[in-house]
Amino acid sequence: MAQTARIIIPATGRVVEIPTGLFINNEFVSSVDSEERIQVVNPATEEPICSVVAGSEEDINVAVAAARAAFSTTWGKNVTGFERSRLLNKLADLIERDMQVLAEIESLNNGKPVKIARDFDIGDSIQCLRYYAGWADKIVGQTIEVNNKTKIAFTRHEPIGVCGQIIPWNYPINMWAWKVAPALACGCTIVMKPSELTPLTALVLSKLIAEAGFPPGVVNTIPSLGPVGGAALSHHMDVDKVAFTGSTLTGRKIMEAAAKSNLKKACHTREVSLELGGKSPHIIFESANLDQAANWACLGILYNTGQDCTAGSRLYVQDTVYDKFLALLVEKAKQLVIGDGFDERSGGGPVVSKAQYDKIWSYIESGKSQGAKLVLGGEKRPGKGFFVDPTIFTDVTHNMRIVRDEIFGPVLSVGRFKTEQEAIALANDTSYGLGAGLHSADASQCMRVSSALEAGTVWVNQYNTLGNNVPFGGKKQSGIGRELGSYALEEYTEVKAVHWNFGEQAEWPL
């Protein structure tokens, strides 16, 4: 069967050739032992786009062998940081060249607006690659004094080796870049498993890997069902590290599998890095600029149609400004257009799949049945497409499912508080700890509360903004390890200590 699909983008008429095979050793190939295909669906129309090869456990074995061979010969310690930097910059240039096409494919497969995919996701991904290209020749160790007359010690920060990387469907290109860039900068090789829901842009990016000139086997891409490909990578005895972004439940399974195989040094969090779920609190104090706070609150829950691990889905407003703020919030949320990703008016698209659509609606119905007050949304649209409009609940209690569980959709619960201490207690009353936000004009309060919030990232007078040079990751059940910034380099390197004796003579016997 042909390893490409010819697709016409309906909104633009653009014809694109999309690889549909497994990417191993810079070639698109068929499965070695399976005829299974993954059907890829357009969430805006519920119509199929194409199908791609579904990798098997044996395909993972082949890809890992290719990555190991490359690590031992043409990559790893066999190539300079200058060359790794050059190739990462070349890859960034190619993505920039093709960003419109990539954005249209992303919108077709994921549902998000083209303008969001192009200007935010892909723009940020290009910056991410260039940021880590700058690090590739600056990964250094230490020289340590032992005895100036006889001995010296030094450290080397060496690439871990073969990395299994498992990325989610909410930011397919962005999460690809977050994983690939630091790993390649450090000299690791990769077996990538994109989400079975959104594999298309990962396959197109794989073409650019080859075009940029990376040696065969450095990056391999295996679309596969999670219980097959993800499990195979996690259990594999020749995979040195697994990096995963996704649900806490799956993260636990990956951690267990890593520990049961070659440990992947699982006693050290760096060799199994997990960026997991969240139920992030967002606090509005009475001194805040309420108009701006409402804008950030909308961005916090409605960006990417709420399909965001850091979505500010629990909003707590001080009682003295609660009514005024709620009116502002509802009015602003109404302004967002959720529509087809190819419509320039759309600020959000459909959710990614029927399963996600049904999950979100189950929570909306749960909120209604448990007594929360619906002040916006909560009605299904007629017709095709997995569209969910902004939905806001008030009169919530801490034991409601919409307050406790990660929904991963545009559903917001709004509570109220009287004191700063109460706000902190409400915010921290969760098993998650990925993100949190607060709005206040009181600088001392901002410092106190940001310190008290139990989250890996805290936003003050903003929300959901990230920088490639700033670390990102969670506390509690929201994961281990850090992505982005210089901290991500630690996730892909191991420290070797070298003790050098140049003057001491050993005496024997003891």
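Which helix gives the largest share of the lining of the second largest pocket? Hold that thought, everyone, and keep in mind that we're looking at a predicted model.

The largest pocket has a volume of about 1000 Å³. It is lined by 37 residues, and W169, F244, G246, S247 and T250 are the closest to its centre. Helix 7 (226-235), strand 12 (241-245), helix 8 (248-260) and helix 11 (354-369) each give two or more residues to that lining. Helix 8 gives the most, with seven residues. By type, the lining has 15 nonpolar, 16 polar and six charged residues.

Now back to my opening question. The second largest pocket holds about 500 Å³ of space. Among its 23 lining residues, Y171, N174, Y303, N464 and L466 sit closest to the centre. Helix 4 (114-135) and helix 5 are the elements that give two or more residues here, and the answer is helix 4, with six residues. This lining divides into ten nonpolar, eight polar and five charged residues.

Next, the cores. The largest nonpolar core has 76 residues, and L91, I95, W176, L184 and F214 touch the most other members. Helix 5 (residues 172-186) supplies the largest share of this core, eleven residues. Take I95: beyond its neighbours within four places in sequence, I95 contacts L102, I122, I126, L129, W176, L205 and L208. Another core lies apart from the largest one, with 29 residues, including F285, A372, F386 and I424.

Last, the cysteines. There are zero disulfides in the whole structure. For C309, the nearest cysteine sulfur belongs to C128, 16 Å away. C309 counts as buried because its relative accessible area is 10%, under the 20% cut-off.

Notes
Residues numbered from 1 in each chain as written. Predicted model: local features only at pLDDT ≥ 70, side-chain atom pairs only at ≥ 80, totals over all residues. Heavy atoms only, no water. Disulfide = S-S within 2.5 Å. Buried < 20%, exposed > 50% of the residue type's maximum accessible area, 1.4 Å probe, protein only. Core = buried A, V, L, I, M, F, W, Y, C linked by side-chain atoms within 4.5 Å. Helix = DSSP H or I, 4+ residues; strand = E, 2+ residues; numbered from the N terminus. Contact = heavy atoms within 4.5 Å. 1 Å grid on protein atoms, 1.4 Å probe; cavity = no way out; pocket = protein on both sides within 12 Å on 5 of 7 lines; lining within 4 Å. Points joined across faces, edges and corners; volume = space filled by probe spheres on them. Nonpolar A, V, L, I, M, F, W, Y, C, P; charged D, E, K, R; others polar.
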